Amino acid sequence: MAINADKLNMVLQNFVTATADVQGAALVTPDGLPLGTSLPGGMDEERVSAMSASMLSLGERIGLELSRGNIDRIFVEGNKGFGILTGCGEEAVLLVLARETAKQGLLMLEIKRVLSELKLILT
């Protein structure tokens, strides 16, 4: 069954525009290929996808080495905001870019909500 890229892009765009302090989102394969994106202007979706896959791979290895089990989320915090990688089933990873002013609890709830919506499209 083919993935409906238009529907994925629409869900991601709605998530970015409707969620306070979210600047962008991308759904990528573990191999680093973009499935759907809604990124800020000037960001290369293929480069972002490849970096997301690299972060996921490294995070999984760190989790194993530190005996932390399966990684649920990778959280990168900088002075200009957050980058959050969350698994979306076996075949995809969701990257969310958020401003530094984002309320983390609310952001995690919104990410959980959009993940369930994306998983339905992917199955």
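Student: Why is D21 called partly exposed, rather than buried or exposed?

Tutor: Good place to start! In this predicted model, D21 has a relative accessibility of 22%. Buried means under 20% and exposed means over 50%, so D21 falls in between and counts as partly exposed.

Student: Where does D21 lie, and what is its phi?

Tutor: D21 lies in the loop between helix 1 (5-18) and strand 1 (22-28). Its phi is positive, about 70°, although D21 is not a glycine.

Student: What makes S67 exposed?

Tutor: Set its value against the cut-off. The relative accessibility of S67 is 58%, and exposed means over 50%, so S67 counts as exposed. S67 sits in the loop between helix 2 and strand 3, and its phi is positive too, near 55°, in a residue other than glycine.

Student: Why is the pair of F75 and F82 called tilted?

Tutor: Take it in two steps. The ring centres are 5.2 Å apart, and rings pair if their centres lie within 6.5 Å, so F75 and F82 count as a pair. Their planes are at 45°. Under 30 degrees would be stacked and over 60 edge-to-face, so this pair is tilted. By this rule the count comes to one aromatic pair.

Student: What makes strand 4 largely enclosed by the rest of the structure?

Tutor: Strand 4 covers residues 81-87, and six of its seven residues are buried, so the strand is largely enclosed.

Student: How do you know that strand 4 pairs with strand 3 and with strand 5?

Tutor: Two strands pair if there are at least two bridges between them. Six bridges join strand 3 (residues 73-78) to strand 4, running antiparallel, and six join strand 4 to strand 5 (residues 93-98), also antiparallel. Both therefore meet the rule. You can find V76 opposite G83 in strand 4, and V93 in strand 5 as the bridge partner of G87. A hairpin of two residues joins strand 3 to strand 4. The hairpin of strand 4 and strand 5 has five residues between the strands, and there G89 takes a positive phi near 80°.

Student: What makes the contact between E110 and R113 a salt bridge?

Tutor: The N to O distance is 3.0 Å, and the rule asks for a side-chain nitrogen of Lys or Arg within 4 Å of a carboxyl oxygen of Asp or Glu. The contact therefore qualifies. E117 and R113 meet in a salt bridge as well, at 3.2 Å. By this rule the count comes to two salt bridges, and E110, R113 and E117 are linked in a network.

Student: Where do these residues lie?

Tutor: E110 and R113 both lie in helix 3 (residues 104-122), three residues apart, about one turn of the helix. E117 and R113 are in helix 3 too, four residues apart, again about one turn.

Student: Why is R113 called partly exposed?

Tutor: Its relative accessibility is 37%. That is between the cut-offs of 20% and 50%, so R113 counts as partly exposed.

Key:
Residues numbered from 1 in each chain as written. Heavy atoms only, no water. Phe/Tyr/Trp six-rings, centres within 6.5 Å; stacked < 30°, edge-to-face > 60°. Buried < 20%, exposed > 50% of the residue type's maximum accessible area, 1.4 Å probe, protein only.
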